[in-house]
Amino acid sequence: MVNTISFKKKPHTNGDAPSHRNGKSKWSFLFSLTDLKSIKQNKEGMGWSYLVFCLKDDVVLPALHFHQGDSKLLIDSLEKYVVLCESPQDKRTLLVNCQNKSLSQSFENLLDEPAYGIIQKIKKDPYTATMVGFSKVTNYIFDSLRGSDPSAHQRPPSEMADLLSDAIPGLKINQQEEPGFEVITRIDLGERPVVQRREPVSLEEWTKNIDSEGRILNVDNMKQMIFRGGLSHVLRKQAWKFLLGYFPWDSTKEERTQLQKQKTDEYFRMKLQWKSVSEEQEKRNSRLRDYRSLIGYVQGMSDLLSPLLYVMENEVDAFWCFASYMDQMHQNFEEQMQGMKTQLIQLSTLLRLLDSGFCSYLESQDSGYLYFCFRWLLIRFKREFSFLDILRLWEVMWTELPCKNFHLLLCCAILESEKQQIMEKHYGFNEILKHINELSMKIDVEDVLCKAEAISLQMVKCKELPQAVCEILGLQDSEVTTPDSDNGEDENVGMTSCPTSAFQSNSLPVLAASGARDDNPAELSMSPNVSRVTPA
């Protein structure tokens, strides 16, 4: 689909316009292909794709990182002008043998499409297809004649990619501002299904699913019930230990008692050892100093710990549950913040699939990197919902249903609800950030859970889901290519209607839950099982 992008950037307020706006980006560079000696690629499967260009005078240019796609398309384009071959010494390095192919390319190569695709386009719109083809021919010939005049090749400042250097160290998601047309491949996700939620799992339901030795009988069914409605508060002290991996789901009551005793002894032994190290010993032991610095407190960890302490009411159990939770969350707190960068890019990929128009608007307001979602991801919405709502939200996410990275779909659901106001009121960068921050404590948790699940079901049923999205959500090919495979309807109670979807041209009903909560804490038996983190 070809779509005209007409969004205009609002001027930055508070006098905070980026200093490079009126000039050439410090990261831009220009060189003639006749000077190119080799291209080095990233190791397959290791982080973002990137290319490093090495010139014949041994000048190495800054790496080009491809945050939202593959570098293969650029390589394919370069091969129209130069011959690239793999280096015998290093498979990641492509050696260059430059040739001027501009005037010798066939029309089929110039049009960059197989013959049948060209014919179909000419049948549908002969004028556009022909003019697009000839414009490519004109560009190839003009490029070959004008040589390597830098002024002819340099893009105007208004088209340079804006980089927000102070957002996250190392996070630079380029946002090109191209006048005229932007080519967007839009996938029809189909109708968004109706979703229902149920009441929280009661003590009676939990007890019915435990055998005489204390094992959980039907783990998958129990997880489904927790995902659909959460837990009554009286169950959390016990059930959270299973959800966080502290107790194995198939353990007996006796095994859990032994495990809890073992973990209690281990906790106090570690705590004693940790407190017994003197400052003098630490100075003499460099490895100990390094260890202390590696496991130190990072801002945000207390947000993750406080609900666990509240529910467990026990230092030892809270510690081991926190250790297990940090196994899932530790990448968010690493110095290079690679986990946060990856999540923001994955969120951008999902949001663009759901609503490319909204993404284009955000990019036009310097917000395409979705930095305003940073706090949501860092501490799993801890400061966006009320304390009791966070207990509900986290236990639902801990079931790891209905797909991988469900928290990213929760972000999409929240942004869907705010899209209309952001676009209709023409919010700029500062207004968007302010609006999202002010959502704190105003979001309905059941409504968001309902919408996020509906989005996941909609994607699973899509026949043409991009591979990148399948990987983000952990969907198998079989799940994507068989949209008719429906497992039937759940027996649910306490239903109310959700607002209609705001995503592109789909006006589909969704149901949200308004299940009653049992918020009266009660003590139940408990125990442990998990890993590394040192007690305070």
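I count two strands as paired if DSSP finds at least two bridges between them. Helices (H or I, at least four residues) and strands (E, at least two) are DSSP runs, numbered from the N terminus.

**Basis.** This is a predicted model, in which local features need pLDDT of at least 70, side-chain atom pairs count only at pLDDT 80 or more, and totals for chains, interfaces and linings use all residues. Residues are numbered from 1 along each chain as its sequence is written, and side-chain values use heavy atoms, with hydrogens and water left out.

**Strands.** I looked up β3 and its partners. β3 and strand β4 (residues 64–66) pair in the antiparallel sense over 3 bridges. In that pairing Y50 stands opposite H65 in β4. Strand β2 (residues 36–41) also pairs with β3, antiparallel, over 5 bridges. There I39 stands opposite F53 in β3.

**Whole chain.** I noted 22 helices and 9 strands. Of the 536 residues in the chain, 43% are buried. For contacts I took heavy atoms within 4.5 Å. Among contacts between residues at least 6 apart in sequence, 70% join residues at least 24 apart. Accessible areas come from the Shrake-Rupley method with a 1.4 Å probe; for residues, only the protein chains shown count as cover. The chain exposes about 28900 Å², and carbon and sulfur atoms supply 52% of it.

**Confidence.** I read pLDDT as the predictor's confidence in each residue, from 0 to 100. The chain averages 75, and 64% of the residues score at least 70. Over residues 12–24 the pLDDT is below 50, and this stretch has 16 contacts in the model beyond near neighbours in sequence. Residues 478–536 also stay under 50, and the model has 171 contacts for them beyond four places in sequence.

**Backbone.** Which peptide bond is cis? I found the one from L401 to P402, with omega near -5°. P402 is in the loop between α17 (387–398) and α18 (406–424).

I also looked at two residues other than glycine with positive phi. R380 has phi near 50° and is found in the loop between α16 (374–378) and α17. M441 has phi near 70° and is found in the loop between α19 (429–437) and α20 (445–461). Are R380 and M441 buried or exposed? R380 counts as buried because its relative accessibility is 12%. M441 counts as exposed because its relative accessibility is 52%.

**Helix α19.** I listed N430, I432, H435 and I436 as buried in α19. The buried residues of α19 pack against α15 (356–364), α16 and α18.

**Surface.** For patches I used residues with over 30% relative accessible area and no salt bridge, joining like charges within 9 Å and nonpolar side chains (Val, Leu, Ile, Met, Phe, Trp, Tyr) within 5 Å. A salt bridge is a side-chain nitrogen of Lys or Arg within 4 Å of a carboxyl oxygen of Asp or Glu. Y310, F387 and L388 make a nonpolar surface patch of about 230 Å². L388 lies in helix α17 and is partly exposed, with a relative accessible area of 31%.

Notes: Buried means under 20% relative accessible area, exposed over 50%, partly exposed in between (1.4 Å probe, protein chains only).
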